[in-house]
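Biologist: Can you walk me through this model? I'd like to start with the strands.

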Amino acid sequence: TDWLKKREVSKMKDLSDKINELKKELSIFDTSKIGLVKYLDRTYWIDPTSYSGEGEIAEWFASTTYDGADIYIHDNAIDEFKKPYILHEIVESSLVRDGLSTHAAHLVAKHFDGEYAKEILSDSKYEEYETLRLKLEK
């Protein structure tokens with residue numbers, strides 16, 4: 001009903017505002033080395049340089065020592081794509097931590113990483129990003 005739709009729109013607006021803060025953090029993050037990003041009073045330890053696990057281009061693991069997550073970006077990831085991958089993993093892990101299912105959190109994160117990629121990448125790089133994203137979803 002209308003009330004429910006308004007509530008969901010309000011939640012998405014609130015989340016969008018929070019993600020805009022995350023984008024500011026990522027704008028100064030150096031993807032050539034390990035570092036920390038703060039988001040919603042949580043700490044995210046990010047290694048964008050040395051992960052060579054099987055399958056995923058990026059993965060997060062809930063931290064056992066602090067409120068946040070450890071995020072790994074595959075060492076063969078395209079440099080320009082690392083920030084959208086990091087945003088995706090932070091948003092997804094944060095939403096899961098807040099009680100959303102992993103699948104639902106992934107879909108929300110996918111929306112926002114695509115939006116972010118479109119903002120920061122050239123048109124041709126964004127097309128490449130989207131093509132790769134579709135390929136990885138299979």
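**Strands and helices**

Modeller: β3 and β4 run antiparallel and are joined by five bridges. This is a predicted model, where local features need pLDDT of at least 70, side-chain atom pairs count only at pLDDT 80 or more, and totals for chains, interfaces and linings use all residues. Residues are numbered from 1 along each chain as its sequence is written, and side-chain values use heavy atoms, with hydrogens and water left out.

Biologist: What joins β3 to β4?

Modeller: A hairpin, through five residues. A62 has A69 in β4 as its bridge partner. Two strands count as paired if DSSP finds at least two bridges between them. Strands (E, at least two residues) and helices (H or I, at least four) are DSSP runs, numbered from the N terminus.

Biologist: In what order do the four strands lie in the sheet?

Modeller: The order is β1-β2-β4-β3, in an open sheet with mixed pairing. β1 (35-39) and β3 (58-62) are at the edges with a single partner strand each, so one side of each has no neighbour in the sheet. From one strand to the next the twist averages 25°.

Biologist: How do β1 and β2 pair?

Modeller: They pair in the antiparallel sense, over five bridges, with β2 covering residues 42-51. V37 has Y44 in β2 as its bridge partner, and Y39 stands opposite R42. Their hairpin has two residues between the strands, and L40 in that hairpin takes a positive phi near 50°.

Biologist: Which helix packs on the sheet?

Modeller: α2 (residues 82-97), which touches β1, β2, β3 and β4 (68-74). Contact means heavy atoms within 4.5 Å. The direction of α2 makes about 140° with that of β2.

Biologist: Which residues of β1 are on the covered face?

Modeller: G35, V37 and Y39, while L36 and K38 are on the uncovered one. In a regular strand the side chains alternate between the two faces of the sheet.

Biologist: Switching topic: at what angle do α3 and α4 pack?

Modeller: About 160°, with the axes of α3 (residues 102-120) and α4 (residues 123-137) 9 Å apart. Axes are lines fitted to C-alpha atoms, for helices over the stretch in contact, and angles run from 0 to 180 degrees between N-to-C directions. That makes α3 roughly antiparallel to α4, a term used for angles over 145 degrees.

Biologist: Which residues of α3 and α4 make the contact?

Modeller: H106, K110, D113, G114, A117 and K118 of α3 meet Y126, Y129, E130, R133 and E137 of α4.

How values were computed:
Parallel < 35°, antiparallel > 145°, perpendicular 65-115°, else oblique. Buried < 20%, exposed > 50% of the residue type's maximum accessible area, 1.4 Å probe, protein only.
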